[in-house]
Amino acid sequence: MKINLPFSRNLRHQLRQLAKWIAIITPLAIVVGSLNAFFLWLLGKATDFRISTYEQHAWIIYLLPLAGVAIVWVYRKFGKNAEGGNNLIMDEIHKPGGGVPGRMSPFVLFSTVITHLFGGSAGREGTAVQIGGATAQQLGNLLKLDEDDTRLILTAGVAAGFGSIFGTPFTGAIFALEVLTIGKIKFNAIIPALFASVIGNFITTAWGTHHSHNKLINITDKISVQFNENLHYLDISLIIGKIIIAGMAFGLAGYLFGELTHKVKDTLKAKVKNPYLIPVIGGVVVIIAINLLGNYDYIGIGVKAYREGGVGINTAFQEGGAEWYSWITKLVLTAITLGSGFKGGEVTPLFFVGATLGNTMAGLLDAPVALFAALGFIGVFAAATNTPLACTIMGVELFGSEYLLYFAIACYTAYYFSGHTGIYASQKVAVPKHIGSKEHIQENLGELRKQGKHLKPPKEDRMD
């Protein structure tokens, strides 16, 4: 007698779906992981060339405006909707329609390398996510996936891009889900996203590519040593209080980064009618700034200091490893670079801003420098992207699980105090951040910014 229980039918369905998505995700992750390995290699070569050129003669930085003009011309001539970048991918996940063009991947890869080669201040996450999204869209088109499956494969592409570029596969999976909508996470894509992120990271590493945080391998030991040395005066309530104060500062820094980047972009677009003059203005401002500073610490990717006594993410974890103005300098230069049409990501500059701000806050609050640099590293990122859960997990993946509580407090405090702002205009707001709010906002951050509502609390929370 054959027994056909509902549970057995459900199990067979789930297994078929699992097999289907493993078959789809595996080639996607292999391609994305390989492209990101190539991108990281190329980016490293460009950075090393730029630094070695500076040591001999600093002519290359003066070509930054021309490099910006070339990037704008290529996108305007051949890019079409590829200019939409990360926001286009998010729009397609929310509501599939026009699609993500395949040209987005090579365009953003080479334009990001050009930005770094000539001295722009930018990161790499945006590039990796766009590579992942564009590759996913092309595979989805090839397989003729429907709208629901297109959403899933695009989300998986984002996860593969993020996880493989930073070497943080679990963070990559959660980030791809959490970044779409503030206040709500849909876990229907968690299996494709997790598989894509893990496999993508494995492939990138298999190519022999080393992620930049591997150069910071002693950070966890520094945190442990500094924390234990300070136990005689740091009890749990005191350190949590200091982390909350620092978290508020991280939130405000994330808010400032997002708002300034959008302000630079909107102002230049409104005031400068010739689009080719916009990167010229941005490039000239960056050149003037670094000449006034007298060093090149605040351009490029900023992972490590390239001179004796210089500032980089790696130096921020030690006492005296950052100046009080380091975080705001990197923040402003990155906002100018990205706001004036150059390409690259925002996340690694946010790591720089956060780590150096954490260094400064540690001095002000008499707290362990390495721990607070780590908290700033993930906290400012959480504030600017509205992804506190992913950033908490990133803290564990990069710095170990011992300080999970502190990572969570810093990330969620920063997230709360950054308000309804962020670097992604297409990020939707499902549930407001304000405690006790009953209002449900179904608009994205770009729409809220245009209406001037992104800085206002819900009506029932206001005093007027």
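Author: Start with Arg-307, which is partly exposed at 38% relative accessibility. Here buried means under 20% relative accessible area, exposed over 50%, and partly exposed in between, with a 1.4 Å probe and protein chains only. This is a predicted model, where local features need pLDDT of at least 70, side-chain atom pairs count only at pLDDT 80 or more, and totals for chains, interfaces and linings use all residues. Residues are numbered from 1 along each chain as its sequence is written, and side-chain values use heavy atoms, leaving out hydrogens and water.

A salt bridge is a side-chain nitrogen of Lys or Arg within 4 Å of a carboxyl oxygen of Asp or Glu. The whole structure holds six salt bridges. Salt bridges with shared partners join Glu-147, Asp-148 and Arg-151 into one network.

Asp-148 meets Arg-151 with the closest N and O atoms 2.9 Å apart. They sit three residues apart in helix α6, about one helical turn. Helices are DSSP runs (H or I, at least four residues), numbered from the N terminus. Asp-148 is exposed, at 52% relative accessible area. Glu-147 also bridges to Arg-151, with closest N and O atoms 3.9 Å apart. These two are four residues apart in helix α6 (residues 147–166), again about one helical turn. Glu-147 is partly exposed at 46%. Arg-151 is partly exposed at 23%.

Now back to Arg-307. Its salt-bridge partner is Asp-297, with closest N and O atoms 2.7 Å apart. Both lie in the loop between α11 (277–293) and α12 (326–339), so the pair ties together parts 10 residues apart in sequence. Asp-297 is buried, at 8% relative accessibility.
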